[in-house]
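Hi everyone, thanks for coming.

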Amino acid sequence: PVFGTQIAFLPTFKFDKGTSEYDTSHKQRVPAWTDRILFKSDKVRVLEYQSVPEAKHSDHRPVFGTFRLGWGIVEKTKLKGFARKPKRSRSRQKKN
C-alpha cells in the first residue's frame, strides 16, 4: 500500500493565479488536494506536512514535508552478497 498522512491544510489546487481565491472562472472547478507526498514504507515517520499558501505564482500551492527515515545504518558485511553477479544455473552451464 501507498501511505500519506493526515492533511491539515486547505485544498492546494484550483486557485485563480496570483490570488487566494478559488476558481472564479465560468468553469467553477471544485478545489482539491492534488499536490501530495506519498511513500511506500512503514519505516517513515511524518514530522511535518504543510502547504505554502503564500506561493501565488500558479493555480497550485506547493506542499512540503519533513520525514524521519527509520532504516538506520547497514553494515558493509551485510551488503557483501548484493554486489555479486548472479550465478548461472548448472543446466545452462552444461549447454555452453
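**A buried aspartate and its surroundings**

Let's start with Asp-16, which sits in the segment before β1 (44-51); strands here are DSSP runs of E with at least two residues, helices are runs of H or I with at least four, and both are numbered from the N terminus. Before going further, please keep in mind that this is a predicted model: local features need pLDDT of at least 70, side-chain atom pairs count only at pLDDT 80 or more, and totals for chains, interfaces and linings use all residues. Residues are numbered from 1 along each chain as its sequence is written, and side-chain values use heavy atoms, with hydrogens and water left out.

Buried means under 20% relative accessible area, exposed means over 50%, and partly exposed is in between, with a 1.4 Å probe and protein chains only. A salt bridge needs a side-chain nitrogen of Lys or Arg within 4 Å of a carboxyl oxygen of Asp or Glu.

Which residues does Asp-16 touch? Leaving out residues up to four places away in sequence, they are Glu-21, Tyr-22, Asp-23, Thr-24 and Ser-25, where contact means heavy atoms within 4.5 Å.

**Where the charges do pair**

Now, where does Lys-14 find a partner? Its side chain forms a salt bridge with that of Asp-59 (3.1 Å, N to O). This pair links distant parts of the chain, 45 residues apart, with Asp-59 in the loop between β1 and β2 (63-69) and Lys-14 in the segment before β1. Asp-59 and Lys-14 are both buried; Lys-14 counts as such because its relative accessibility is 9%. Lys-14 also has a positive phi of about 85 degrees, although it is not a glycine.

The structure holds two salt bridges. Asp-23 makes one with Arg-29, with the closest N and O atoms 3.4 Å apart. Asp-23 is buried because its relative accessibility is 7%, whereas Arg-29, at 37%, is partly exposed.

**The whole chain**

Stepping back, the chain has two helices and two strands, in the order β-β-α-α. Of its 96 residues, 19% are buried.
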